[in-house]
There are 2 protein chains.
Amino acid sequence: MSRLGPQPEGPGPDARAVEAANAELYAAFEEGDLDRMEELWVGGPFADSAVCVHPGSPPLRGREEVLRSWTLLMANFPYVQVVLTDVDVSVAGDVAVVTCAENTLAGEGDREISFDYGGRVAVTNVFRRTEEGWRLWIHHGSPVLSDP
Amino acid sequence: MSRLGPQPEGPGPDARAVEAANAELYAAFEEGDLDRMEELWVGGPFADSAVCVHPGSPPLRGREEVLRSWTLLMANFPYVQVVLTDVDVSVAGDVAVVTCAENTLAGEGDREISFDYGGRVAVTNVFRRTEEGWRLWIHHGSPVLSDP
């Protein structure tokens, strides 16, 4: 990389760190790793304002309720693969927003299923900069029913 | 108000200002008032990172594309009523997040219609504090297909 010199068009270190934090959500989900999920989500002063909207569902508020939902999801879907497309990262001060499309293949028990809206979910993930790094504050996923 | 003294349990001035900004989105939409819509959305350094996800659609990025989508929506739905329920406001520094449910009744031309997912939309609205007040940075609406 250093031999190529600076690349002004590429993402900066903040954007790369946010993209890594974003990827961590799906890695933790695929692995069914609650510890990693707990580490990724905001705590402390941001815990109460954490938001999670799963596709087709009403909003969940607060770290505890949000993590409980992921625990249930991971228990119900032992086999999950998520391929991200259209990942777009913007950093604005100590807050960063990622939009992406989740393309999901999930299995329930022995049965391999895909979500009935074709597995494509439009996602907004919002991260806060903390002393421990970027932490997930808001996750909103919604089924894509039609292309524009 | 001052006669009652401080009310530690009630929302602070920031939360009230955010709730007013949130209501402004729906007032502007109902009125079909593009000027108010343009004033509400972030500009300047936040313009490029603005995000809007309409129910069932992929994300739109950037102030220009976002406002174009609202212009189209307002042209297509001359009669719209939105009743908000479950409004929850959290202020975390210079960023605030609102979750709410949009209960929408819309008319297209002479025909009164409701959205086919029953008119109920789960919403995350994220606002930034600017010198001009709270401005809408992210709007993500998604159909509620089932209750938890």
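This is a predicted model: local features need pLDDT of at least 70, side-chain atom pairs count only at pLDDT 80 or more; totals for chains, interfaces and linings use all residues.
1. **How the copies are related.** Chain B can be laid on chain A by a rotation of 180° with 0.0 Å of shift along the axis, and the RMSD of that superposition is 0.0 Å. The two copies are thus related as by a two-fold rotation axis. If you want to find that axis on screen, go to Ser142(B): of the residues of chain B, its C-alpha comes closest to the axis, at 2.7 Å.

2. **Who meets whom.** Chain B puts 33 residues into the contact, and chain A puts in 33 residues as well. Do the copies meet through the same surface, or through opposite ones? They meet through the same surface, because 100% of the interface residues of chain B are also interface residues in chain A.

3. **How much area goes away.** The size of an interface is often given as the accessible area lost when the parts come together. Here chain B and chain A bury about 2500 Å² between them. Carbon and sulfur atoms account for 66% of that area.

4. Asp88(B) and Arg61(A) form a salt bridge, with their closest N and O atoms 4.0 Å apart.

5. **Which elements do the touching.** On the side of chain B that touches chain A, at least two residues each come from strand S1 (51-53), strand S3 (79-92), strand S4 (95-108), strand S6 (120-130) and strand S7 (133-143) of chain B. S7(B) gives the largest share, with 6 residues. By residue type, that side of chain B divides into 19 nonpolar, 10 polar and 4 charged.

6. **Ser90(A), a strand residue with a partner in the other chain.** Ser90(A) sits in strand S3 of chain A. It counts as buried, because its relative accessibility is 12%. Its side chain makes a polar contact with the side chain of Arg61(B), at 2.5 Å. Leaving aside neighbours within four places in sequence, Ser90(A) is in contact with Val95(A), Ala96(A) and Val97(A) in chain A, and with Ser49(B) and Arg61(B) in chain B.

7. You will find Thr124(B) in strand S6 of chain B. Is Thr124(B) buried or exposed? It is buried, with a relative accessible area of 2%. The side chain of Thr124(B) makes a polar contact with the side chain of His140(A), at 2.8 Å. Asn22(B) is 102 residues away from Thr124(B) along the chain, and their C-alpha atoms are separated by 10 Å.

8. **Asp86 in each copy.** Worth a look at the backbone here: phi of Asp86(A) is near 55°, a positive value in a residue other than glycine. Asp86(B) likewise has a positive phi of about 55° and is not a glycine. Asp86(A) lies in strand S3 of chain A, and Asp86(B) is found in strand S3 of chain B. Asp86(A) counts as exposed at 59% relative accessibility, and Asp86(B) counts as exposed at 57%.

9. **His54(A), in a loop.** His54(A) lies in the loop between strand S1 (51-53) and strand S2 (60-61) of chain A. Despite the loop position, His54(A) counts as buried, at 12% relative accessibility. Setting aside residues up to four places away in sequence, it touches Leu60(A), Ser69(A), Trp70(A), Leu73(A) and Gly141(A).

10. **Ala75(B), on a helix.** Ala75(B) has its place in helix H3 (residues 63-76) of chain B. At 58% relative accessibility, Ala75(B) counts as exposed. Its C-alpha is 7.6 Å from that of Gly32(B), which is 43 residues apart from Ala75(B) along the chain.

Technical notes. Residues are numbered from 1 along each chain as its sequence is written. Chains are lettered from A and ligands numbered from 1 in the order in which they are written. Side-chain values use heavy atoms; hydrogens and water are left out. Copies are superposed by least squares on the C-alpha atoms of residues with pLDDT of at least 70 in both. Contact means heavy atoms within 4.5 Å. Helices (H or I, at least four residues) and strands (E, at least two) are DSSP runs, numbered from the N terminus. Buried means under 20% relative accessible area, exposed over 50%, partly exposed in between (1.4 Å probe, protein chains only). Buried area is the accessible area (1.4 Å probe) that two parts lose on being put together, summed over both. A salt bridge is a side-chain nitrogen of Lys or Arg within 4 Å of a carboxyl oxygen of Asp or Glu. Ala, Val, Leu, Ile, Met, Phe, Trp, Tyr, Cys and Pro count as nonpolar, Asp, Glu, Lys and Arg as charged, and the others, Gly among them, as polar. A polar contact is a pair of N or O atoms within 3.5 Å; within protein, one must be able to donate a hydrogen and the other to accept it, and residues adjacent in sequence count only if both atoms are side-chain atoms.
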